[in-house]
Amino acid sequence: MVNACKTQTVPTISSENTNMETIENSNSGCPEVGTCSVVLHKNKSLAVKEDGTGAMYPEIIDGQNIVVAYTYSKEGPAGTADGNYSETIHFEIPTATTTLNKSNTALNDVKLLYGKHCFCKGEAGYYEITDGNLQVSKNASSISFDLKFNVGKTSQVVSHIKETVKL
């Protein structure tokens, strides 16, 4: 007996009454090859956890903040099983924030994490970012952020993200 399911290809808005907002294929900062998306998780918090091997990973939990999840994805060559590549950037912004500027080690205040997801032995996983600059401005209707960063411990495709997302 064989059973197969098709995964959803459309972003899903959570059933928690618009606690998430999504924007896709924005032109600012997204490499030409691939697609980018931004998801805002409202009334959430970002917890940085460790698995049994000591590798870290983000977990979005209930909280009072806004968690930003930026994803860059590139499809692998046709006919390859493990050819897809993606990078994710997660960080947390306090809900009451109107402006925020963080640089280098102060990026730990927003729990800035970079994730590399690929079939690339020794490089895939999550990394704390301590080399960069994050500027955030938020008003009643939107949130804008400008992030320039360098992971340093692995190669990266995305190093500058500049986005504005409706709240």
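A salt bridge, as I use the term here, is a side-chain nitrogen of Lys or Arg within 4 Å of a carboxyl oxygen of Asp or Glu.

**Entry 1: ground rules**

I am working with a predicted model, where local features need pLDDT of at least 70, side-chain atom pairs count only at pLDDT 80 or more, and totals for chains, interfaces and linings use all residues. Residues are numbered from 1 along each chain as its sequence is written, and side-chain values use heavy atoms, with hydrogens and water left out.

**Entry 2: salt bridges**

As a reminder to myself, side chains of opposite charge can pair when their charged atoms come close. I looked up the count, and it comes to 5 salt bridges.

I started with glutamate 92 and lysine 111, which form a salt bridge whose closest N and O atoms are 3.6 Å apart. Glutamate 92 sits in strand β4 (residues 85-94) and lysine 111 in the loop between β5 (99-103) and β6 (113-117), so this pair ties together parts 19 residues apart in sequence.

Next I checked how accessible each partner is. My cut-offs are under 20% relative accessible area for buried, over 50% for exposed and partly exposed in between, with a 1.4 Å probe and protein chains only. Glutamate 92 counts as buried at 8%, while lysine 111 is partly exposed at 30%.

Then I turned to aspartate 62 and lysine 44, whose side chains meet in a salt bridge at 2.7 Å, N to O. This pair links distant parts of the chain, with aspartate 62 in strand β3 (residues 56-74) and lysine 44 in strand β2 (residues 35-50), 18 residues apart. Which of the two is buried and which is exposed? Aspartate 62 is exposed at 63%, and lysine 44 is buried at 11%.

I also noted aspartate 109 with lysine 102, a salt bridge at 2.9 Å, N to O. Lysine 102 is buried, its relative accessible area being 19%.

**Entry 3: an open sheet**

I found 4 strands forming an open sheet in the order β5-β8-β9-β10, with antiparallel pairing. Its edge strands are β5 and β10 (160-166), each pairing on one side only; two strands pair if DSSP finds at least two bridges between them. Direction ignored, neighbouring strands of this sheet are turned by 5° against each other on average. The axes behind that angle are lines fitted to C-alpha atoms (for helices over the stretch in contact), and angles run from 0 to 180 degrees between N-to-C directions.

How many bridges join strand β9 to β10? I read 7 of them between β9 (residues 142-149) and β10, running antiparallel. Isoleucine 143 stands opposite valine 165 in β10.

Conventions. Helices (H or I, at least four residues) and strands (E, at least two) are DSSP runs, numbered from the N terminus.
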